Amino acid sequence: MANGGPVEHGYPHLETVRAAVTALYKRLSYDTVRTFASSVPLADVAFGDTDDLHLGAQRVARELVLHFRLPDARMIVGFREMEHAASVELAAGPEYFIELNDRFRRHRRDIGAALAHEVMHVYLHRLGLSFPGTRDNEILTDTATTYLGAGWLLLDAFREDATSSQKLGYLTPEEFGYVLAKRSLAFGEDPATWFTSPQAYTAYTRGLDRARHDERQPPLTAAGWAGRRRYAKDRRHAQEQAAPSALAGTPYSFTPDDGGPLRVSFPCPTCHQRIRVPVRGRVRARCGLCRTVLECDT
C-alpha cells in the first residue's frame, strides 16, 4: 500500500501479469472464467460514512464471497495498526480472519478494494493456484481479482496529486488498467464510467492502449505496416537458416517442422497461451485455451 509515498508507474510486472492470466484460464477453464462476465457492482460494496464500521465491513466481505462463488466461506473482519493494507489467515476454513489497516476506519470508501484482494487470496488458496515467491503470488492475486471482476475497485482506490498519494495492491496503476482492459475486451464490458478517481481512469486508458497493442502484433492481420515488414524479414531469415529462431523484441518465434512447413508461434492476445501455426499465408487459428479465433497472415 502506497500511503503518501511514491507510486510506481509503467509495466515492470507485465510478464508475470500475462502468466497469471494464462494460469487462470488453465486452472479454471474457459467455461468457468466466463461465469465472471459481470463485474461486482459498486452498489453491492459501497460503504457510507454513516454505516457501522464492523457490520458494514462484514456485509461487503459477504458480497465479495458471493461474487467469487465461495458461499461456504465466512470472513471475519477486524482492524489493527499494520504496515500493509490488509492480511488474511489462510486456514482450512470455513472461517477466515481478515485484518484491515486501521486507516480504513477513516477511508471507508476503499474497504471494498482491500477486501477484494484478501477474498481472492482465499479463492486461490482453495483452488490450489499460486506462484512461487511472495511478489509473484501477490501479482497473481491482483491479476485474478481484476480479471474476475472485482479489481476495478483496487484501481479506483488509486489517487495521486502533488502532495499526496494512495495505491492498493502490488500492480502499478497502468498494470491494473491493462488487466481491466483485457477483461473488457474479452467480456465486452466497459468500465470507463465506473471510476470516481480521475487518476484511475487515466491509468485504465493507458492500460487499454497497451492491451490493444497486443492485438496488433504480427502474425495477426491487424498488425501495422512496420510490424508486418519486420515479420517478413524475420520469416525470410528463418526460412534460410532452417533452424529455431527466436528474435529479441518480437513476440513470435519460428521453428522448423520435420517433413512440413516452417511454423510460427506467438502469444494469444487474450490469454497469452502460445499458439503454433504453419507459415503458409492467411490462416485462421483458434486458441485452445480461451477459444479466441485469430486471423493471421503468416
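Predicted model: local features only at pLDDT ≥ 70, side-chain atom pairs only at ≥ 80, totals over all residues.
Visitor: What makes the overall size of the protein chain agree with that of a compact globule?

Guide: The chain has 298 residues, and a compact globule of that length would have a radius of gyration near 19 Å. The protein chain has 21 Å, which agrees. Its C-alpha atoms fill a box of roughly 70 × 45 × 30 Å along the principal axes. Within the chain there are 10 helices and 12 strands.

Visitor: Why is histidine 272 called buried?

Guide: A residue counts as buried under 20% relative accessible area. Histidine 272 has 13% relative accessibility, and therefore it counts as buried. This residue is placed in the loop between β9 (263-267) and β10 (274-278). Histidine 272 also has a positive phi of about 70°, although it is not a glycine. In the protein chain, 52% of the 298 residues count as buried.

Visitor: Why is arginine 69 called partly exposed?

Guide: Partly exposed covers the range between the buried limit, under 20%, and the exposed limit, over 50%. Arginine 69 has 42% relative accessibility, so it belongs to that range. Arginine 69 lies in the loop between α4 (53-67) and β2 (74-80). Its phi is near 60°, a positive value in a residue other than glycine.

Visitor: How do you know that aspartate 49 is exposed?

Guide: The relative accessible area of aspartate 49 is 67%, and exposed means over 50%, so the term applies. Aspartate 49 is located in the loop between α3 (42-45) and α4. Between aspartate 49 and arginine 105 there are 9.5 Å in space, C-alpha to C-alpha, although the two are 56 residues apart in sequence.

Visitor: What makes β2 and β3 edge strands of their sheet?

Guide: The sheet is open and has three strands in the order β2-β4-β3, with mixed pairing. β2 and β3 (86-88) each have a single partner strand, so one side of each is left without a neighbour in the sheet. From one strand to the next, the twist averages 20°. Helix α5 (residues 111-127) packs on this sheet and touches β2, β3 and β4. The direction of α5 makes about 145° with that of β4.

Visitor: Which residues touch the most other members of the largest nonpolar core?

Guide: They are Phe68, Met75, Leu100, Leu115 and Tyr123, in a core of 90 residues. Helix α5 supplies the largest share of this core, namely 11 residues. Leaving aside neighbours within four places in sequence, leucine 115 is in contact with Ala57, Val60, Ala61, Leu64, Val77, Ile98 and Leu100.

Definitions and conventions:
Residues numbered from 1 in each chain as written. Heavy atoms only, no water. Helix = DSSP H or I, 4+ residues; strand = E, 2+ residues; numbered from the N terminus. Buried < 20%, exposed > 50% of the residue type's maximum accessible area, 1.4 Å probe, protein only. Pairing = 2+ DSSP bridges. Axes fitted to C-alpha atoms, helices over the stretch in contact; angles between N-to-C directions. Contact = heavy atoms within 4.5 Å. Rg over C-alpha atoms; globule rule 2.2 N^0.38 Å. Core = buried A, V, L, I, M, F, W, Y, C linked by side-chain atoms within 4.5 Å.
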